[in-house]
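Colleague: I would like to go through the terms used for this model. Please set each value against its definition.

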Amino acid sequence: MDLLDFNKKAQGLRKENQAFFKKLKVRGPKNLDSLFHVAHHSVFEKTDCLTCANCCKTTSPIFYQHDIERAAKSLKLKPGEFLQKYLEMDEDGDFVLKRAPCPFLSRNNYCSIYQDRPTACREYPHTNRKNMRQILDLTFRNTLVCPAVLEIVERLKAVKV
């Protein structure tokens, strides 16, 4: 899917998806994790993130201390140098990238620090985690960033979750 088309679709479904997530918070099914996981695996069997990389182009992962140390080592920098060069503290007190797109994203959508990327990148888009109910707000926000998450949510809506 073209990113412009995706953005239009995601914005067009924004209010509908907000209502869907509100409903899930109030009375989501007991098997919510399982429903997400099945849809996640089905969608990601057909998804090549390298054709998109919208997450890397538009958002920043949180960098925890171990992420900073691992990425800095990969780049042959001291953790303090890495922090000063690439990161800033956001309004929640988390370290995030100073700018988007990610400075480690190459033109062909490969990550130059892939083996040493932050945990948040490793786990993105988080739709195969346990306790999905706890991250429904994040998952809703990810429908606006990741075409695969939007597709997962559309599938859940179609089975009348």
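Modeller: Contact means heavy atoms within 4.5 Å. By that rule Glu16, Asn17, Phe20 and Phe21 in α2 meet Leu150, Val153, Glu154, Leu156 and Lys157 in α9. The model is predicted, with local features needing pLDDT of at least 70 and side-chain atom pairs 80 or more, while totals for chains, interfaces and linings use all residues. Residues are numbered from 1 along each chain as its sequence is written, and side-chain values use heavy atoms, leaving out hydrogens and water.

Colleague: What makes up the contact of α2 with α9 by class?

Modeller: That contact has 5 nonpolar, 1 polar and 3 charged residues. Ala, Val, Leu, Ile, Met, Phe, Trp, Tyr, Cys and Pro count as nonpolar, Asp, Glu, Lys and Arg as charged, and the others, Gly among them, as polar.

Colleague: Why is the pair of phenylalanine 63 and phenylalanine 82 called tilted?

Modeller: Rings of Phe, Tyr and Trp (its six-membered ring) pair if their centres lie within 6.5 Å; planes under 30 degrees apart are stacked, over 60 edge-to-face, and the rest tilted. Here the centres are 5.8 Å apart and the planes at 50°, so the pair is tilted.

Colleague: What are the values for phenylalanine 82 and tyrosine 86?

Modeller: Their rings are 5.1 Å centre to centre with 45° between the planes, again a tilted pair. Phe63, Phe82, Tyr86 and Phe104 form one aromatic cluster.

Colleague: How do you know that the charged end of arginine 117 sits over the ring of tyrosine 114?

Modeller: The rule asks for NZ of Lys or CZ of Arg within 6 Å of the ring centre and within 35 degrees of the ring normal. The charged end of arginine 117 is 3.8 Å from the centre of the tyrosine 114 ring, and it is counted as sitting over that ring.

Conventions. Helices (H or I, at least four residues) and strands (E, at least two) are DSSP runs, numbered from the N terminus.
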